Amino acid sequence: MANYRDKRPQRKQWQRQAPVLLDTSQRPLDIVDDPSSLPTVQIDTDFPHPNVFRKRVRNVPASVKPGDLVSIFHTDGRHLGFGYFNSTAGVGLRFIRWGAKPPNDEFWDELLKRAVAFRRETLKLEEATTASRLIHAEGDFLPGIVVDRYNDVLSLEAYSLAMFQRAQSIAERLSTVCGTDHWIVKPSPQSETQEGFSAPVISSPDLPRTTTIHEYGTRFRINFNEGHKTGFFCDQRENRLKMAKFCEGKSVADICCYTGGFAIQAKTAGNAAEVTGVELDENPLQLAKANANLNQAKVNFVQADAFAWMRDMVRNGRQFDVLALDPPKLIHSREELEEGRRTHFDLNRLALQLVRPGGIMVTFTCAGLLTNEEFDKLVRSAARQAGPPMPGMENDENPRRQPREIQIFDRTGASSDHPVAGSCPESEYLRAMWLRVL
């Protein structure tokens with residue numbers, strides 16, 4: 001039987017393969033005193049967005065290499081700002097600074113200090129956790145890279161060639177700002193197909209293999225060698241605590257649980273009576289079990305495909321009081337939208353059947369291309385096919401089903417340390433719908 005990862009959209013054959021000789025060696029941060037020394041490119045749009053598609057870029061000098069800093073003009077002659085160019089990427093140009101002033105020491109210091117101060121002084125995250133996002137790509141006006149802090153380690157994931165080339169310099173300068181000792185840089189899993197490069201992970205000397213962070217008093221171990229993305233999903237911090245408030249004395253299911261975040265918080269912060277976590281991948285599941293032991297939390301972890309496990313539970317008549325459905329990213333490009341919608345629909349239709357009448361379900365998507373309206377629509381459609389079998393079809397293998405009534409009582413997104421830039425609304429990637437299932 002195919003599993004839900006088999007159902008994820010497949011990469012298309014037409015997508016670019018990584019060029020063999022792109023330079024991924026580390027570069028210092030760009031400190032420009034004389035902007036006239038930079039090569040210039042033109043774009044035929046002045047829409048105030050940090051990312052410009054390659055087809056909009058004009059008159060690129062032959063001397064400009066992928067990853068180079070360029071001065072950006074409109075085709076009508078107006079100077080717009082400065083950015084990084086990559087001829088092999090769909091996003092051919094990423095603005096790093098708007099206006100007449102080029103990047104310099106003052107610019108980099110202000111950008112990084114402002115991001116850290118927002119987490120420390122405004123959000124006061126250090127009172128709640130030792131894990132937070134310090135740089136959220138476009139949301140902190142540094143497109144192409146994210147940086148998470150885990151105790152004294154900075155974990156960076158680079159989505160663009162230029163940011164990968166400058167990641168070590170960013171890590172070292174940011175370490176000075178926030179007082180960390182170690183760093184690790186990973187290229188994005190989509191760097192080959194979207195940016196045209198592949199590169200090994202790089203890190204500071206003596207980087208620890210693991211570290212243990214705390215979140216609202218609950219501890220989680222992070223393995224830098226095996227973790228997805230930067231190692232942990234800080235974006236779900238506030239959602240994990242919110243769900244825990246519904247769990248006291250309840251039965252809870254955490255489907256696609258990764259390293260056990262929702263499941264363990266349901267037990268430790270929520271005092272749930274019974275918790276089950278379901279994950280297909282063995283490595284994160286082993287770390288989830290270790291995290292449960294770390295907190296002396298009794299959680300039943302199951303290694304299984306989400307589709308197959310939910311179908312088995314439906315056949316057995318099993319239901320839960322509280323359920324979290326948090327699948328991995330299912331839509332990476334517009335070409336994958338239709339298949340991704342279908343997969344989200346199927347997952348939600350099954351999950352809704354596993355919630356007891358009056359129970360709570362929170363369902364997520366981390367596909368930025370799936371709008372709030374589209375996600376609402378597919379969850380509502382799934383509810384219309386998630387009730388008991390139609391009369392006379394109770395013994396059918398795949399019966400037609402009656403509707404289940406749902407009450408949508410909240411919508412949330414990523415934690416507050418994942419801000420969204422007003423000029424880049426599609427970076428609001430994480431969406432959550434909170435449902436009461438009747």
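Leaving aside neighbours within four places in sequence, which residues is Thr 276 in contact with? They are Val 252, Ala 253, Asp 254, Asn 300, Val 302, Trp 309 and Phe 320, where contact means heavy atoms within 4.5 Å. The model is predicted, so local features need pLDDT of at least 70 and side-chain atom pairs count only at pLDDT 80 or more, while totals for chains, interfaces and linings use all residues. Residues are numbered from 1 along each chain as its sequence is written, and side-chain values use heavy atoms, with hydrogens and water left out.

Thr 276 is found in strand 15 (residues 274-279); strands (E, at least two residues) and helices (H or I, at least four) are DSSP runs numbered from the N terminus. With 5% relative accessibility, Thr 276 counts as buried (under 20% relative accessible area, 1.4 Å probe, protein chains only).

Gly 261 lies in helix 6 and is buried, at 8% relative accessible area. Its C-alpha is 8.3 Å from that of Gln 236, a residue 25 places away in sequence.

Helix 6 (residues 261-268) packs with helix 5 (residues 237-244) at an angle of about 40°, the axes being 8 Å apart. Axes are lines fitted to C-alpha atoms over the stretch in contact, and angles run from 0 to 180 degrees between N-to-C directions. Asn 239, Arg 240, Met 243 and Ala 244 of helix 5 meet Gly 261, Phe 262, Gln 265 and Ala 266 of helix 6.

Notes
Buried means under 20% relative accessible area, exposed over 50%, partly exposed in between (1.4 Å probe, protein chains only).
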